[in-house]
Amino acid sequence: MSEWQCLLWDVDGTIAETERDGHRVAFNLAFAQAGLDWGWDERRYGKLLHITGGRERLLHFMQGRDDVPRDPVAQEELAARLHQLKNQHYAAVVNEGLIPARPGVLNLIREARAAGVRQGIATTTSRSNVQALLGRLLGADWRSWFEVVVCGEDTQRKKPDPEVYLKALQSLGLEADQAVAIEDSSPGVAAALAAGLQVWWRPSVYFPSLGSDHLASPKVASWAALPPGRCRAARVWSACRTDE
Ligand code: XBP
Ligand code: MG
């Protein structure tokens with residue numbers, strides 16, 4: 001087995017709990033702005049999250065409703081307009097400082113950089129949302145922290161399809177066993193495993209558990225089982241190097 005040398009970060013749910021207090025709130029603001037009396041409460045949104053991609057989630061929600069256009073093209077246009085409005089509201093929510101990083105995340109990103117671990121982003125969220133969140137959490141030069149940033153616009157198929165991870169690996173010039181994905185959700189873990197990656201899994205508000213097949217996979221390790229504290233990345237890194 002090769003030595004791993006790169007962390008591939010998922011964004012939503014992994015770097016921050018963006019879904020309940022960020023995207024969901026922003027979708028509801030977009031609905032109100034568009035004059036629609038739709039509302040996604042926390043429970044309903046949790047169910048909708050199994051459709052990855054905000055525009056795809058909207059289209060799924062519209063199926064069978066009698067208050068949306070029948071014409072598929074008009075439906076697509078409505079979903080695209082609402083999605084654009086949602087992303088604008090999301091950036092505003094993030095810029096108000098309402099979405100903090102999850103505990104340990106910023107330390108691990110910094111420790112990884114200090115330890116010489118390569119890092120990338122592999123997410124099915126829109127590029128503007130990644131820009132808003134990481135700009136807020138890491139500062140204006142956030143892009144320089146990551147060698148590759150693959151987003152929703154860069155793929156034909158969203159997680160659980162492995163495309164986002166395969167693109168990141170290709171761009172980095174790495175084989176799957178040379179990188180580790182950090183993920184929170186079932187679709188995210190499925191995408192990473194299908195790309196052949198090891199996964200550090202950390203449950204999030206909407207994804208408190210994984211299916212038994214994923215939990216049983218020797219490629220899935222719990223984030224909680226990793227060495228704690230400020231030197232997590234450096235310790236994990238050096239442990240992996242000496243395990244050779
Ligand atoms: C999570 C998603 C996204 C977000 C909303 O992606 O599926 O759709 O819910 O973002 P990940 P968009 O966990 O891979 O980051 O509206 O931009 O799709
Ligand atoms: Mg996620």
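Which element gives the most to the shell around ligand 1? H4 does, with three residues.

## Basis of the model

This is a predicted model, in which local features need pLDDT of at least 70 and side-chain atom pairs count only at pLDDT 80 or more, whereas totals for chains, interfaces and linings use all residues. Residues are numbered from 1 along each chain as its sequence is written, chains are lettered from A and ligands numbered from 1 in the order in which they are written, and side-chain values use heavy atoms, with hydrogens and water left out.

## The shell around ligand 1

Ligand 1 is surrounded by 19 residues, a residue being near a molecule if one of its heavy atoms lies within 4 Å of it; the closest are Glu-19, His-83, Lys-86, Thr-123 and Ser-126. By class, the shell holds eleven polar, six charged and two nonpolar residues, where Ala, Val, Leu, Ile, Met, Phe, Trp, Tyr, Cys and Pro count as nonpolar, Asp, Glu, Lys and Arg as charged, and the others, Gly among them, as polar.

Among the polar contacts (pairs of N or O atoms within 3.5 Å), a polar side-chain atom of Ser-126 lies 2.5 Å from an oxygen atom of ligand 1, and a polar side-chain atom of Thr-124 lies 3.0 Å from an oxygen atom of the ligand. With Gly-54 the contact is made by a polar backbone atom, 2.7 Å from an oxygen atom of ligand 1. Taken alone, ligand 1 exposes 450 Å², of which the protein buries 96% (accessible areas by the Shrake-Rupley method with a 1.4 Å probe). Helix H1 (18-33), helix H3 (54-62) and helix H4 (72-95) are the elements that give two or more residues to this shell, helices being DSSP runs of H or I with at least four residues and strands runs of E with at least two, numbered from the N terminus.

## The largest pocket

Ligand 1 sits in the largest pocket, in the sense that more than half of its atoms lie within 2 Å of the pocket's grid points. A pocket is an open set of points on a 1 Å grid over the protein atoms alone, where a 1.4 Å probe fits, with protein on both sides within 12 Å along at least five of seven lines, and lining residues have an atom within 4 Å of a point.

The lining comprises 32 residues, of which Asp-12, Gly-53, Arg-57, Thr-124 and Thr-125 lie nearest the pocket's centre. H1, H3, H4 and helix H8 (186-194) each give two or more residues to this lining, and H3 gives the most, with four.

## A cis peptide bond

The peptide bond from Lys-159 to Pro-160 is cis, with omega near 20°; Pro-160 is placed in the loop between strand E3 (148-150) and helix H7 (163-172).

Technical notes. Polar contact = N/O pair within 3.5 Å; in protein donor to acceptor, adjacent residues only side chain to side chain.
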